[in-house]
Amino acid sequence: MFLNIGPSHPAMHGIIQLVAQLDGERVLGVDVEIGYLHRAFEKESERGPYNNVIPYSDRLNYVSPLINNFGYCLAVERLLAIEVTERCQYIRVIMSELSRITDHLTCVGASAMELGAFTVFLYMIKAREWLWELIELVTGARLTISYGRVGGVKADLPDGFAERTRRTLDEVRKVLLECDTLLTRNRIFVDRMQGTGVLAKDTAISYGITGPFLRGSGVALDTRKAQPYFVYDRLQFDVPTGRHGDNYDRYLVRMEEMEQSMRLIEQALTQLPAGAVNVDVEGRVLPADVMVDEAKMGRVAGFMQTRVVTDPTLEGSTRSHHGLVNAPEKRAVLPAKEDTYGNIEGLMHHFKLIMVGHGIRPPAGEYYSAVEGANGELGFYVVSDGSDRPFRVRVHPPCFPIMAALPKLLVGDMVADIVPTFGSVNMIGGELDR
Amino acid sequence: MSNDHVSAAVQARFSRHVLGAHSYRGQETLLIRHEGLLEVARFLKDDPSMAFDCLMDLTCVDYLKFGASLSSAPTLATPSPLPYYMKPKPTEEAWQRLVPSDAYRFDVVYHFYSTTHNHRVRVKVPLKAAEPSIPSLTGLWASANWYEREAWDMFGVTFTGHPNLRRLLMYEGFNGHPLRKDYPVNKRQPLVGPIN
């Protein structure tokens with residue numbers, strides 16, 4: 001018997017079609033059809049300047065968009081041969097790890113819900129909400145954050161961020177403990193998860209699978225450890241691995257990884273280099289829109305000493321913070337708003353990076369940046385031909401190889417096992433189909 | 001992390017297949033003739049000092065109009081990619097495509113990773129514009145299956161020996177290969193219904 005699951009089905013996280021061949025309740029073969037969410041990310045990226053790709057990359061893995069941002073920025077920075085500031089690297093680590101926790105919470109919560117543990121789903125989404133509030137505090141948005149910039153980030157961390165993050169992480173720990181009590185020794189949950197969706201170590205490597213999925217099969221491979229980027233080599237964390245390569249081990253790996261991510265965030269917050277914030281003490285503060293109006297009328301005499309108050313979503317993007325989080329690299333990094341509106345050098349600098357025919361121009365070359373996304377290695381292969389537009393942007397989405405291996409995972413199991421196995425894949429349509 | 005030994009070993013062993021090798025921004029690249037791909041790939045996978053057990057990524061780049069697009073030519077009378085106060089970086093590395101002629105339009109790009117040695121290498125195979133075709137690596141790495149389907153779908157590169165070379169992201173009945181540079185970005189095609 002053939003059973004069509006999807007493209008639109010409540011247990012499919014996204015739009016995907018599985019055509020399962022069944023014998024009674026046993027799965028004999030599965031045909032996976034993807035591509036329903038194809039939005040031509042790679043083609044669109046070739047159309048515009050380098051910075052235009054960043055908002056698109058938010059929409060790849062829309063549960064942890066910050067990691068996509070930073071992965072893409074890293075590739076372009078390497079092409080330009082620039083290094084971001086130390087503080088910015090720590091900020092990137094903190095924001096990546098926050099995203100990783102939200103991603104794992106979504107994955108574990110959703111697959112627990114599909115097995116009947118609706119309470120866990122609600123608790124985890126509640127915790128995810130707190131983390132998204134933190135992300136909103138920094139980036140100004142919850143989901144489509146566009147926070148990364150080539151050569152830096154959009155804005156510095158707001159005041160009191162460290163304290164608030166520590167408090168939130170304490171709360172998240174409590175939620176995780178509660179969920180752990182509800183799930184880890186729960187008879188129904190364990191019976192459904194243990195021994196289903198088994199993937200051997202060699203098969204997983206041959207399929208190019210990375211991330212928690214591979215670690216569940218017992219390979220301690222983590223790009224953050226193996227080939228460290230940003231400042232991961234200065235931070236202590238463990239790489240949890242499973243033994244059996246089944247859904248239960250992957251669940252345990254994800255739960256432990258959230259704990260490790262919190263460890264990373266706490267260390268990074270302690271080590272975060274403060275640096276002298278060059279605040280002008282003249283005391284003049286102008287709202288941004290007033291500053292724009294004044295600049296249009298040419299009254300810019302006092303601007304060098306003026307601090308600008310941007311709207312709350314842009315907090316920390318003014319000049320006093322600018323040098324801390326952005327690389328001292330005028331070829332790639334936009335000037336602070338005070339300079340753009342306040343002096344001709346800043347305005348020219350802005351013009352040189354924004355206007356058609358100018359922009360960021362990495363020399364001709366290619367670079368493959370590998371960062372550890374929430375699902376595995378997230379790769380950006382960027383080819384430049386020396387123009388202001390990327391010649392080719394290729395994304396290596398972490399859940400793509402897992403989806404390719406899905407028939408291997410499902411064959412031999414029951415129909416009902418499709419749901420937990422597919423849940424543990426944590427397929428994200430945005431990055432799978434691009 | 002430098003891993004020159006990979007390209008050195010391959011060059012020493014398969015000098016007739018290697019078109020060139022270079023390192024750019026710390027990443028090793030090898031250019032291989034498509035006739036020799038299977039041999040080199042088998043060596044990369046099976047040799048204990050290489051042990052590239054993971055085909056991390058496979059993609060294709062269409063080099064049509066490379067460096068000759070409108071955006072790469074400055075459009076203003078005073079073109080300067082760098083502002084006047086900037087000097088070029090002193091340690092500029094040069095990058096070349098290393099193909100014998102402009103007839104080679106496509107590069108199929110393989111990113112290999114070794115979980116045992118923790119090293120990477122990029123292998124590129126240039127192909128000519130007319131009916132590009134290359135041997136499939138599905139027999140060596142299982143991950144090649146979907147990646148090659150995607151490359152066929154997006155670029156029209158045929159992988160000989162692939163068990164199931166169907167479109168992956170686009171639908172059956174789609175005309176053309178959308179990521180080729182001569183495929184217009186705003187071209188529209190009617191969406192045909194599902195075949196079953």
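Two residues are taken to be in contact if their C-beta atoms, placed from the backbone, lie within 7 Å. This is a predicted model, in which local features need pLDDT of at least 70 and side-chain atom pairs count only at pLDDT 80 or more, while totals for chains, interfaces and linings use all residues. Residues are numbered from 1 along each chain as its sequence is written, and chains are lettered from A in the order in which they are written.

In chain B, residues 24 or more positions apart account for 58% of the contacts with a separation of 6 or more; for chain A the corresponding share is 70%. Chain A holds 19 helices and ten strands, where helices (H or I, at least four residues) and strands (E, at least two) are DSSP runs numbered from the N terminus. Chain B has three helices and seven strands, and from the N terminus on its elements follow the order α-β-β-α-β-β-β-β-α-β.

Of the 434 residues of chain A, 55% count as buried, and of the 196 residues of chain B, 38% do; a residue is buried if 20 or more other C-beta atoms lie within 10 Å of its own, exposed if 12 or fewer, and partly exposed in between. The radius of gyration of chain A, taken over C-alpha atoms, is 23 Å, which agrees with the value near 22 Å that a compact globule of 434 residues would have under the rule of 2.2 Å times the number of residues to the power 0.38. Along the principal axes, the C-alpha atoms of chain A fill a box of roughly 80 × 45 × 35 Å.

Where the two chains meet, chain A contributes 47 residues and chain B contributes 42 residues. On the side of chain A that touches chain B, the elements that each supply at least two residues include α15 (344-354), β8 (365-372) and β9 (377-384). Within α15(A), the buried residues are A:H349, A:K352 and A:L353. They cover an arc of only 90 degrees around the axis, which puts them on the same side of α15(A), the arc being that of the directions from the helix axis to the C-beta atoms. A:I344 and A:F351, on the other side of α15(A), are exposed.

Leaving aside neighbours within four places in sequence, B:V108 is in contact with residues including B:C60, B:V125, B:L127 and B:V157.

Chain B can also be followed through helix α2 (residues 37-46), in which B:V40, B:A41 and B:L44 are buried. Seen down the axis of α2(B), these buried residues fall within an arc of 100 degrees, so they line one face of the helix. Their cover includes α1 (4-13), β2 (27-32) and β4 (104-114) of chain B. B:V10 sits in helix α1 of chain B and, with 24 C-beta neighbours inside 10 Å, counts as buried. Not counting residues up to four places away in sequence, B:V10 touches B:V18, B:L30 and B:V40. The C-alpha atoms of B:V10 and B:L44 are separated by 8.3 Å, although these residues are 34 residues apart along the chain.
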